Amino acid sequence: MSQVQGNETVKLHYTGKLNNGQVFDSSVQREPLEVKLGEGRLIPGFEKGLVNMKENEKKTITIPKEEAYGEVQKELFQKIPSENLPQDIKPEVGMGLVSKNPDGSERQLRVADVKDGFIIVDANHPLAGQDLTFELELLEIK
């Protein structure tokens, strides 16, 4: 039986959980994830966890934050004056915002705090600073 070596295309189901057991993402109720390994499309710890798995194997892996989305970076917090926000937005903590960069690309932001006259936005990945647990089921190696 073949095993994942690290450069194949694999098809799998996964369920991602935080340390408190809260599920943050799962493919179980939808199509399995199909991805070519070695292209940097997955967080490093997830990809490493697939290596040496066999078809139809199930396992649970824990990924330290350093091999997931990294530490929370303080420099990715930014103060935005309220007058720079669109008039129709009433910012609330946890609200998602999208910022357009000068090159036309978009950046996902989250409102971290709302103050009188400004808000603080956070450009860190929502899972930054957290260890993650994934239940994996390898369905196919291509």
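**Notes on the predicted model**

1. Let's start with Lys-11, which counts as partly exposed at 24% relative accessibility (buried is under 20% relative accessible area, exposed over 50%, partly exposed in between, with a 1.4 Å probe and protein chains only). Keep in mind that this is a predicted model, where local features need pLDDT of at least 70, side-chain atom pairs count only at pLDDT 80 or more, and totals for chains, interfaces and linings use all residues. Residues are numbered from 1 along each chain as its sequence is written, and side-chain values use heavy atoms, with hydrogens and water left out.

2. What does Lys-11 pair with? Its salt-bridge partner is Glu-34, with 3.9 Å between the closest N and O atoms (the criterion is a side-chain nitrogen of Lys or Arg within 4 Å of a carboxyl oxygen of Asp or Glu). Glu-34 sits in strand 3 (residues 33-36) and Lys-11 in strand 1 (residues 9-17), so this contact ties together parts 23 residues apart in sequence. Glu-34 is partly exposed as well, at a relative accessible area of 37%.

3. Glu-34 has another contact: its side chain meets that of Lys-142 in a salt bridge, 3.0 Å from N to O. Here the linked parts are distant, with Lys-142 in the segment after strand 9 (132-141) and Glu-34 in strand 3, 108 residues apart. Lys-142 is partly exposed, with a relative accessible area of 48%. Put together, Lys-11, Glu-34 and Lys-142 make up a network of salt bridges.

4. The search of the whole structure turns up 9 salt bridges. Among them is the one between Lys-100 and Glu-106, with the closest N and O atoms 2.9 Å apart. Lys-100 counts as exposed, at 60% relative accessibility.

5. On to the fold: the protein has 1 helix and 9 strands (DSSP runs numbered from the N terminus: helices are H or I, at least four residues, and strands are E, at least two). Along the sequence, the pattern reads β-β-β-α-β-β-β-β-β-β. The radius of gyration is 19 Å, well over the 14 Å that the globule rule gives for 142 residues, so the protein is more spread out than a compact globule (C-alpha atoms; the rule is 2.2 Å times the number of residues to the power 0.38). Those C-alpha atoms fill a box of roughly 60 × 35 × 30 Å along the principal axes, and 31% of the 142 residues count as buried.

6. Strand 6 and strand 7 (residues 106-115) are antiparallel over 5 bridges; in strand 7, Leu-109 is the bridge partner of Leu-97.

7. The UniProt record, an unreviewed entry, lists "domain: PPIase FKBP-type" at residues 7-81 (positions follow the numbering used here, feature names are shortened, and annotations may be inferred rather than shown by experiment). In the model, that span is 9% helix and 37% strand, and its end C-alpha atoms lie 47 Å apart.

8. How confident is the predictor? The mean pLDDT of the protein is 94, and 99% of its residues reach 70 or more (pLDDT is the predictor's confidence in each residue, from 0 to 100). Strand 6 has the lowest confidence, at a mean of 88, and strand 4 (residues 58-63) the highest, at 98.

Terms used: Two strands pair if DSSP finds at least two bridges between them.
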